[in-house]
Amino acid sequence: MNVIGKLPFVIATRLSQQIRNMSLVRSLAFVNNQWVPASSGETFEVTNPANGQVLGQVPDMDVDDTEQAVNVAFEAFKTWEHTTAKERSVLLRKWYNLLEDNKDEIARIMTAESGKPLSEAAGEVAYANGFIDWFSEEARRIPGEIVASPTQTKEMMMIRRPIGVAALITPWNFPAAMITRKAGAALAAGCTCVIKPAEDTPLTALAMADLAAKAGIPKGVINVVTCSRKKAAEVGRVLCTSPQVAGLSFTGSTNVGKLLYEQCASTVKRVSLELGGNAPYIVFESADLEAAVKGTIACKFRNCGQTCVSANRLFIQESIFDQFVAKLEEAVKGLKVGDGAAAGVTQGPLINDAQATKVKQLVEDAVKKGAKVHLGGKPVSEMGTRFFQPTIISDVDHSMRVFNEEIFGPVAVCIP
């Protein structure tokens with residue numbers, strides 16, 4: 001494992017200064033195509049997880065602010081739902097073009113606030129923009145259906161209509177793609193949106209909303225409500241219980257998803273939940289081990305293991321276990337830990353102190369119960385509290401937390 005030493009502080013400082021000069025960085029929330037503060041005047045800081053430096057401040061919005069955003073989206077829906085498929089398609093295409101024109105700046109903003117390596121951020125932006133590209137075309141292809149009638153006196157015709165306001169709660173690990181995947185579909189169908197981005201990564205969401213407005217998407221159709229972690233529960237409750245919100249889409253933890261699902265029941269909302277997992281990665285003796293290791297690196301260590309589809313447990317056929325682990329060790333040693341803005345870095349910081357503490361505790365629990373550490377296993381203390389060594393462990397059993405819990409960190413759990 002390669003560690004880039006003291007450079008991250010210098011690089012992050014430079015990046016933080018650049019962030020403040022970027023044209024798409026916003027310090028206000030976006031409601032009704034206007035940049036607005038919280039009604040209370042409160043703000044919270046957005047920091048660079050690589051070094052804790054403050055990138056900026058955004059409004060810490062509350063129940064009243066959220067209700068206002070919902071009202072605006074509800075009023076906007078009354079006209080947006082009557083736009084033609086072609087009109088929506090054209091506007092989404094204009095948004096896509098602007099997202100493409102500004103992809104480098106969005107990637108730099110994302111790296112600064114999420115910590116992911118710049119190359120990964122650029123990859124996410126391309127992925128994210130692809131959703132708007134896709135839905136700009138799909139907007140024109142929302143068909144109805146004629147069904148054969150059981151009687152001669154009736155004709156059965158189904159017409160698809162937009163449902164109304166869609167509340168979109170998005171995560172910090174893919175702050176651009178999870179917005180475009182949700183909002184692109186909603187707008188293409190004729191729905192309006194209230195987006196609540198994760199408190200760790202609001203700047204990416206605000207930058208994208210800015211470009212949506214510049215693309216000509218009408219006021220009130222896209223709204224972004226920012227809030228701190230301490231107000232997230234009350235803001236989420238408004239989005240779940242408001243009778244003016246017709247559907248809710250959430251990507252995040254299972255525990256929060258269950259709570260939101262319960263809160264949506266009172267208004268019988270349409271709910272889409274993408275929650276946590278404990279995904280296995282299985283390698284049989286017939287596998288191409290080079291390809292298997294390459295796949296492991298991609299699905300385990302991307303974004304420092306902080307993806308909802310990260311392989312949590314690696315099940316390796318016993319006959320090739322030692323050989324596979326040895327090859328994986330060599331590959332992991334080539335990963336570089338450091339600030340995501342530095343050239344060649346493949347492993348950035350964990351998103352916040354809580355996540356760093358969780359990963360550390362999961363590994364310590366496994367070691368205490370008899371797990372073997374092949375590589376890594378500890379924080380990179382000289383780089384700060386949020387950097388963790390890419391780790392490989394084995395001799396894991398069902399009693400260990402790493403076997404049963406989603407790790408969300410750079411820890412490969414190998415099980416024969």
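This is a predicted model: local features need pLDDT of at least 70, side-chain atom pairs count only at pLDDT 80 or more; totals for chains, interfaces and linings use all residues.
Residues are numbered from 1 along each chain as its sequence is written, and side-chain values use heavy atoms, with hydrogens and water left out. Local features need pLDDT of at least 70 and side-chain atom pairs count only at pLDDT 80 or more, while totals for chains, interfaces and linings use all residues.

The UniProt record, an unreviewed entry, places the feature "domain: Aldehyde dehydrogenase" at residues 35-415; such annotations may be inferred rather than shown by experiment. Over this stretch the chain is 43% helix and 18% strand, with its end C-alpha atoms 51 Å apart. Helices (H or I, at least four residues) and strands (E, at least two) are DSSP runs numbered from the N terminus.

A pocket is an open set of points on a 1 Å grid over the protein atoms alone, with protein on both sides within 12 Å along at least five of seven lines; a cavity is a set where a 1.4 Å probe fits but cannot get out, and lining residues have an atom within 4 Å of a point. The largest pocket has a volume of about 1000 Å³, counted as the space filled by probe spheres set on the points. Its lining has 36 residues, and Trp172, Phe250, Gly252, Ser253 and Val256 lie nearest its centre. Helix α9 gives the largest share of that lining, 6 residues.

The second largest pocket has a volume of about 390 Å³. Of its 21 lining residues, Ala166, Lys182, Ala185, Ala186 and Ser249 are the closest to its centre. Two or more lining residues come from each of β8 (165-169), α6 (177-189), β11 and β12 (270-274). Strand β11 (245-251) also supplies at least two residues to the lining of the largest pocket.

There is 1 cavity of 30 Å³ or more, and the residues lining the largest cavity include Gly277, Cys308 and Glu406.

Which rings form a tilted pair? A search of the whole structure finds 4 aromatic pairs, that is, rings of Phe, Tyr and Trp (its six-membered ring) with centres within 6.5 Å. Phe30 and Trp35 have ring centres 4.8 Å apart and planes at 55°, so the pair is tilted, being neither stacked (under 30 degrees) nor edge-to-face (over 60). Phe30 is buried at 2% relative accessible area, whereas Trp35 is partly exposed at 28%; buried means under 20%, exposed over 50% and partly exposed in between, with a 1.4 Å probe and protein chains only. Arg26 lies over the face of Trp35, 5.4 Å from the ring centre. Such a charge has NZ of Lys or CZ of Arg within 6 Å of the ring centre and within 35 degrees of the ring normal.
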